[in-house]
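I opened the model to take notes on how its pieces pack. My entries follow the display.

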Amino acid sequence: MEENTTVQETKFCKECGQKIAKKAVICPHCGCQVEEAKSEAAPQQIVINNTNTNQNVNQNMNGGIPFGARLRNKWVAFFLCLFLGAVGAHKFYEGKVGMGILYLLTGGLFGFGWFFNTVSLLFKPNPYYVF
Ligand SMILES: [Zn+2]
């Protein structure tokens with residue numbers, strides 16, 4: 001005397017209304033898909049948009065470089081000043097030969113000019129104007 005105690009979990013098909021196993025993904029009666037297949041997720045396609053829109057736009061307020069001004073690269077001047085500031089290398093780079101010679105003779109204004117220029121160059125825009 002054995003009773004079948006296994007109660008099969010069932011549900012009803014959304015399409016045909018037949019009793020089907022709860023775990024069934026596809027109805028055996030009508031063949032319709034009744035559950036979303038969870039295990040296999042579609043591999044995500046990674047689309048890398050490598051659009052280089054690097055544009056160097058030099059926007060000059062007055063339609064050009066101000067009179068008597070020279071355009072200098074900040075970082076060139078900064079590293080020249082940092083390593084060779086004691087001999088006025090950044091002053092020569094800026095075109096200030098007189099100051100360069102002064103820095104050369106005084107060791108970057110006894111270090112003060114050297115130090116001050118290094119710090120102030122850090123806060124300049126790139127490129128920057130030399131007047
Ligand atoms: Zn069905």
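At what angle do α1 and α4 pack, and how far apart are their axes? I read an angle of about 155°, with the axes 9 Å apart. Axes are lines fitted to C-alpha atoms, for helices over the stretch in contact, and angles run from 0 to 180 degrees between N-to-C directions. α1 and α4 are therefore roughly antiparallel; the cut-offs are under 35 degrees for roughly parallel, over 145 for roughly antiparallel, 65 to 115 for roughly perpendicular, and oblique for the rest.

Ground rules first. I am working on a predicted model, where local features need pLDDT of at least 70, side-chain atom pairs count only at pLDDT 80 or more, and totals for chains, interfaces and linings use all residues. Numbering starts from 1 along each chain as its sequence is written.

**Layout.** I counted four helices and four strands in the chain. From the N terminus the order is β-β-β-α-α-α-α-β. Helices (H or I, at least four residues) and strands (E, at least two) are DSSP runs, numbered from the N terminus.

**The α1/α4 contact.** I listed Lys74, Ala77, Phe78, Cys81 and Leu82 on the α1 side. Trp114, Asn117, Thr118, Leu121 and Leu122 answer from α4. Contact requires C-beta atoms, placed from the backbone, within 7 Å. By class I get seven nonpolar, two polar and one charged residues. Here Ala, Val, Leu, Ile, Met, Phe, Trp, Tyr, Cys and Pro are nonpolar, Asp, Glu, Lys and Arg charged, and the others, Gly among them, polar.

**Buried face of α1.** Which residues of α1 are buried? In this helix, residues 74–84, I found Ala77, Phe78, Leu80 and Cys81. Buried takes 20 or more other C-beta atoms within 10 Å of the residue's own, exposed 12 or fewer, partly exposed in between, with C-beta atoms placed from the backbone. Down the axis of α1 the buried residues fall within an arc of 165°, so they line one face. The arc is taken over directions from the helix axis to the C-beta atoms. These residues pack against β3 (70–72), α2 (89–93) and α4 (112–122).

**Tyrosine 93.** I found tyrosine 93 in α2. Tyrosine 93 counts as partly exposed because it has 18 C-beta neighbours inside 10 Å. Beyond neighbours within four places in sequence, tyrosine 93 touches Arg72, Val76, Ala77 and Leu80. From tyrosine 93 to leucine 80 I get 8.2 Å, C-alpha to C-alpha, across 13 residues of sequence.

**Whole chain.** Buried residues make up 15% of the 131 residues.

Definitions and conventions. Contact = placed C-beta atoms within 7 Å.
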